[in-house]
Amino acid sequence: AEAAAFLHRLLANHVRALPAGGANQSLLLSAQGRVLFAFALLRSGPERFELRTPPGSAADLARALEDYRFGEALAIRDETAGTAPLALAGPGLETFATSVWGAGTAPGPESYATLRLAGTALCAWRAAAGTPGPPALWLAADPGSVAELWRALVAAGAVPVGL
C-alpha cells in the first residue's frame, strides 16, 4: 500500500505523478548523488510498480531497496527468472513496430503496453523522448517463449544484434 510513497522518496524522478500505464527511466542515487542503479520504472496500478533493470542488476537493486525500507507496507521481489529482455532499436523502428503490431498499438514514449507476437504476451515500453541512445522499444517475455519470439521478430525483418 505504500509503494508509491516509498519509491517517490528514493528515486530521482516524480513517482507519484506517474500514471497507471506510465513508464519512465529512473535512477537510484547515493547520498552524494552518484548513480547506483538506472532502470525503467513501470506503473501498472495505484501501488504496483515494475523496475526493469539491465541484465544482472536486479538482485543488487532489490537488496539496495530493502536497505532503505523501514517497515513500509510493500513487497520487493526479484522476478528476473520469469522474464527475458529484448530491445528493438534503429532508424526503422516505427515502421517495423507498425508492420508487426499495427499502427498505434506499440506504446508511445513514457508508457507501456502488453503486446502479443507468435502466441506470446510480452510487456513493451519506451523511454522518454530525449533519453540518451537510439529510440528503442523494450520487450520482456516469458523465458520459455523468448526463442519463438526471437524467431518471429527475425521473420518479420528484425536484424539480430547483441547477445
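1. Buried means under 20% relative accessible area, exposed means over 50%, and partly exposed lies in between (1.4 Å probe, protein chains only). By that scale Glu-148 is partly exposed, with a relative accessible area of 39%.

2. This is a predicted model: local features need pLDDT of at least 70, side-chain atom pairs count only at pLDDT 80 or more, and totals for chains, interfaces and linings use all residues. Residues are numbered from 1 along each chain as its sequence is written, and side-chain values use heavy atoms, with hydrogens and water left out.

3. Salt bridges. The search of the whole structure finds 7. The criterion is a side-chain nitrogen of Lys or Arg within 4 Å of a carboxyl oxygen of Asp or Glu. Side chains of opposite charge can pair when their charged atoms come close.

4. Glu-148 forms one of these salt bridges with Arg-151, with the closest N and O atoms 3.3 Å apart. Both residues sit in helix H4 (residues 146-155), 3 residues apart, or about one turn of the helix. Arg-151 counts as exposed, at 51% relative accessibility. Helices (H or I, at least four residues) and strands (E, at least two) are DSSP runs, numbered from the N terminus.

5. Arg-63 and Asp-60 also meet in a salt bridge, at 2.2 Å, N to O. Why are Arg-63 and Asp-60 about one helical turn apart? Because they are 3 residues apart in helix H2 (residues 58-68). Arg-63 is partly exposed at 49%. Asp-60 is partly exposed too, at 36%.

6. Arg-69 pairs with Glu-66 in a salt bridge, with 3.4 Å between the closest N and O atoms. Arg-69 is partly exposed, at 27% relative accessible area. Glu-66 is partly exposed at 34%.

7. Helix H1 (residues 3-10). Its buried residues are Ala-3, Ala-4, Phe-6, Leu-7 and Leu-10.

8. Strand E7 (residues 136-141). Here 5 of the 6 residues are buried, so the strand is largely enclosed by the rest of the structure. Two strands pair if DSSP finds at least two bridges between them. E7 runs antiparallel to strand E4 (residues 84-89), joined by 6 bridges. Pro-85 has Ala-140 in E7 as its bridge partner. Strand E6 (residues 120-125) pairs with E7 in the antiparallel sense over 4 bridges. Trp-125 stands opposite Trp-138 in E7.
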